[in-house]
Amino acid sequence: MKTVTKQDIINGLLDLGVKTGDEIEVHSSLSSFGYVDGGAKTVICALKDVVGKKGSIFMPSLRLSKEFPLTEKDKLLGITTKIQILPEDCKQSAMGVIADTFRQMPDTVTNEGIFRISAWGKSKNEVKDGLQYLISNGGKALMLGVDIYKLTAMHYVEDLLPDDIKNYFPLSDEINEIYPPDEWIIESGIFPVKPWYTIQNIAYEKGVIKDGMIGNSKAMLFNISDVVGLYAQELKNDAFKLYGLKT
């Protein structure tokens, strides 16, 4: 297996179009690169070197575990997703080793709450509003080895979701008793289609997304507002069709 170096990552980011002064929302999978010399810190240092001190890096720091395997009782109750809410001082999360390492660096600022975000660089203190600063100010999204379903910014327009979709798979009292909502994120259904993939496909068709390879990792770069804006527009046009709830 070829060793991926810091310079390899820098070269890949530059080829993709990341540049000095960029403000980026980064989602990543370290394992997707192959073997990285120096691990997560190498990826983070490469990102910082490319955007520079005039740029900013935002990464998710959501206090969420990886999905737990479902028990037979879970399945009988109709549960499809089971995720634990982690304590404030958790060292590892479902965000991955790059994001977890980034959050714990001394020059990183992290806001509060379950769905928190960490930031570094020129605009790091804007993290008080999560990702809204990037969405509103020309920020870019950089996906390293992951797809649109890791793009946290997509949730920022889901106030446009009709209540009938938000409440399409209600949780029973029994589920809430077994898995208290202040300790668990539980889902009890799966929509007929994955709507965010529809948005990703539209974005590719419109030429919004630029992609490439860094090591073995597929990388995608795009303006956040372009893709999130497509999602908002489709929600306004026909949210039920987007979620596969009508033909």
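Two strands count as paired if DSSP finds at least two bridges between them. Helices (H or I, at least four residues) and strands (E, at least two) are DSSP runs, numbered from the N terminus.

**Entry 1: ground rules.** I am working with a predicted model, where local features need pLDDT of at least 70 and side-chain atom pairs count only at pLDDT 80 or more, while totals for chains, interfaces and linings use all residues. Residues are numbered from 1 along each chain as its sequence is written, and side-chain values use heavy atoms, with hydrogens and water left out.

**Entry 2: the sheet.** I started with β2 (residues 23-28) and β4 (residues 56-60), which run parallel and are joined by 3 bridges. I looked up E25 and found F58 as its bridge partner in β4. Stepping back, I traced an open sheet of 7 strands with mixed pairing, in the order β6-β7-β4-β2-β8-β11-β10. At its edges I noted β6 (109-110) and β10 (210-214), each pairing on one side only.

**Entry 3: a helix over the sheet.** Next came α2 (residues 39-51), which lies across β2, β4, β7 (117-121) and β8 (140-144). Its angle to β4 is about 145°; axes here are lines fitted to C-alpha atoms, for helices over the stretch in contact, and angles run from 0 to 180 degrees between N-to-C directions.

**Entry 4: the cores.** A nonpolar core is a set of buried Ala, Val, Leu, Ile, Met, Phe, Trp, Tyr and Cys residues joined through side-chain atoms within 4.5 Å. Buried means under 20% relative accessible area (1.4 Å probe, protein chains only). The largest core has 69 residues, and L47, I57, M59, L142, L151, M154 and Y231 touch the most other members. Helix α9 (residues 224-242) gives the most to this core, with 9 residues. I then followed L47, with contact meaning heavy atoms within 4.5 Å. Not counting residues up to four places away in sequence, L47 touches L13, I24, V26, I57, M59 and L142. There is also a second, separate core of 5 residues, including I79, I175, W184 and I186.

**Entry 5: α8 against α9.** Helix α8 (residues 195-205) packs on α9 at about 130°, with axes 10 Å apart. The two are therefore oblique to each other (angles under 35 degrees count as roughly parallel, over 145 as roughly antiparallel, 65 to 115 as roughly perpendicular and the rest as oblique). Among the residues that meet are W196 and I199 in α8, and L230 and Y231 in α9.

**Entry 6: T152.** Is T152 buried or exposed? I found it buried, at a relative accessible area of 12%. T152 sits in the loop between β8 and α6 (163-166). Leaving aside neighbours within four places in sequence, T152 is in contact with E25, H27, P60, I117 and L131.

Conventions: Buried means under 20% relative accessible area, exposed over 50%, partly exposed in between (1.4 Å probe, protein chains only).
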